[in-house]
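Hi there,

Here is the structure I promised to pass on.

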Amino acid sequence: MTSYAEFHRRSLEDRDAFWAEQAQLVDWKTQATQICDYSKPPFVNWFVGGSTNLCHNAVDRHLKDRADQAALIFVSTETHQERVYSFRELHAEVQRMAAVLIELGVKKSDRVLIYMPMIAEAAFAMLACARMGAIHSVVFGGFASGSLASRIEDASPKVIISADAGSRGGKVVAYKPLLDEAIRLSSHKPDSVLLVDRGLATMNWVAGRDKLWEPLRQKHLDTVVPCEWLDASHPSYTLYTSGTTGKPKGVQRDTGGYAVALAASMKHIYCGNAGETYFATSDIGWVVGHSYIIYGPLIAGMATIMYEGLPIRPNGGIWWSLVEKYKVTVMFSAPTAIRVLKKQDPVLLKKYDLSSLRALFLAGEPLDQPTAQWISEGLGRPIVDNYWQTETGWPILAISKGVDDAPTKFGSPGKAVYGYDVKLIDENTGAELKGANQKGVVAIEGPLPPGCLQTVWGDNDRFVSTYWNTIPGRMIYSTFDWGIRDEDGYYFILGRTDDVINVAGHRLGTREIEESIAGHPNVAEVAVVGVADQLKGQVAMAFAVVKDTRLLTDEAAKLKLEGEIMKRVDGDLGALARPARVRFVTVLPKTRSGKCLRRAIQAVCEGRDPGDLTTMEDPAALQQIKDLVAG
Ligand code: PRX
């Protein structure tokens, strides 16, 4: 093994040769004539002149050697279904879905919005879009009408694919009414809505617009839809994520760079081999689901498990039973899920034969020591923390196990991954912090490596102004995370620099939650902050200024209003964004220039020193919050 430092150095200093080599991990229709075009920073085009297709790489190319091998393993502990699709069967289903989309008028570069539970048809839909060069935009099934509407508005999909319902913990969650309401709220209307009927909920039918999947599928059982060869820079998908401003950003990904980045990460970081089984416990609505439930494992020729259900139903051993049954070699989850499992009977970890498993990767939020230790001892396998973002699509920080035998360090997701020129930047001066153990903003010097976001959908200016800072002659991408690097090059992530919070591994913008709450007729103003929580990492806490102050002395009225506000957030954004508490105050702590002191509120809620408050307008405002938190 050449040293990892050398591998990483080569990826930056001999960049084009390095990525030309990685590009051989995927099939191309035509080879690139230029590996990296960074003539218009911060925009970068990877594999210029190359053409390829994600679906070809994930499905078709495996037919030669592994047509009858498992490709997609769908398991639902909600509906008690379990079905294994071989690569041959997956190939057929994806073509049926593509044929139906074509019948509905979808063409290359059209958008298709996918609002679906974790069912096999969602995977067919994503791959069918990739096959024909349609740009998919998956919206997490836990989002409600308001969130969905803003995404429909921004993506302007020709077709929306959905289902009658999902199910969570045995409770049916009807999707169709949420979708109908979202379409009503959006000024953009899709031509068609394609619906998978699982028989879980009745659907109100909109004649002309709504189409049922199964009868259309039956029409196309044998229709052949060849892969469309796409320019490497053709967008493969958009995925919306939260930032500081209320409006979610459509992270836009390319085709060729993404295929190469995923294939390389499967080899160098996750170490998954063709013929094995990969199990990522995330959801297709999140970036982990895109990269490591669908595309990454399939590109690598692995079977991938798609699991609908809770980690503790029918009991906390369910995931481990799947590891045993399907001989999972690589598993990927989030610290929150492990904290949930930690509360279950530890015997459940010992009940199954987990000998196939080589490593458990965890990402999405900070990994705390008790959780890391518990799962590492329980499994007797390496636990590998890795740090990345929706924007990057694959790890920025990790121990790249395939090329690095360095140990992991507790509390650190590891070192800069090959391809990433990671820096720490002084928040105030913008200068690079070169020494060890200095706190700065984790940043990446452009160009971003293959697979990362190309731009924000439909808004190049927003892409540049949101993420990029200029140090004379250089462009630096901000992750919006604080970090520290030690003497050995290991990074430690210390939380977000912006108004994004991380609830149970779900990334949420507090401003979006504030907007929803501020829509209540009795709310004049509101501040939402993330507060540390033992189980979920963080929870949202809201402090609202009420218009009718008589309410402040009426406990029953306060409870009622709190309930109304929570219901409002559920309806707008989804229950995942619901604040743990909504407290009422007469005024919010602000600076004299009127800026809400969210960091001070957060500190008070977490029992920390709120720091320098000399710019605060009215100290009594923070005192109100202190009293509420103490009481
Ligand atoms: O704050 C960081 C945190 O999650 C953010 C990105 O969330 P999302 O876009 O949903 O992508 C998740 C992809 C795994 C980051 O800006 N985060 C992610 N991974 C870690 C983390 N914080 C600490 N440790 C991690 N391993």
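Helices here are DSSP runs (H or I) of at least four residues, numbered from the N terminus. Please keep in mind that this is a predicted model.

Let me start with histidine 8, which lies in helix H1. Its relative accessibility is 17%, and because buried means under 20%, histidine 8 counts as buried. Leaving aside residues up to four places away in sequence, histidine 8 touches Ala416, Val417, Tyr418, Gly419 and Tyr420.

Next comes helix H2 (residues 15-22), whose buried residues are Phe18, Trp19 and Gln22. Looking down the axis of H2, these fall within an arc of 85°, so they line one face of the helix. They pack against helix H1 (4-13), strand S1 (34-40), strand S2 (43-48) and helix H10 (256-268). Phe18 and Trp19 also belong to an aromatic cluster, whose members include Phe7, Trp46, Tyr418 and Tyr420.

On to the aromatic pairs: the count comes to 36. In one of them, the ring centres of phenylalanine 279 and tyrosine 307 are 6.4 Å apart with planes at 70°, so the pair is edge-to-face. Phenylalanine 279 is buried at 0% relative accessibility, and tyrosine 307 is buried at 5%.

Finally, two lysines: lysine 409 lies over the face of tyrosine 490, 4.5 Å from the ring centre, and the charged end of lysine 439 sits over the ring of tryptophan 482, 4.7 Å from its centre.

Best wishes

Methods. Residues numbered from 1 in each chain as written. Predicted model: local features only at pLDDT ≥ 70, side-chain atom pairs only at ≥ 80, totals over all residues. Heavy atoms only, no water. Buried < 20%, exposed > 50% of the residue type's maximum accessible area, 1.4 Å probe, protein only. Helix = DSSP H or I, 4+ residues; strand = E, 2+ residues; numbered from the N terminus. Arc of directions from axis to C-beta. Contact = heavy atoms within 4.5 Å. Phe/Tyr/Trp six-rings, centres within 6.5 Å; stacked < 30°, edge-to-face > 60°. Lys NZ or Arg CZ within 6 Å of the ring centre and 35° of its normal.
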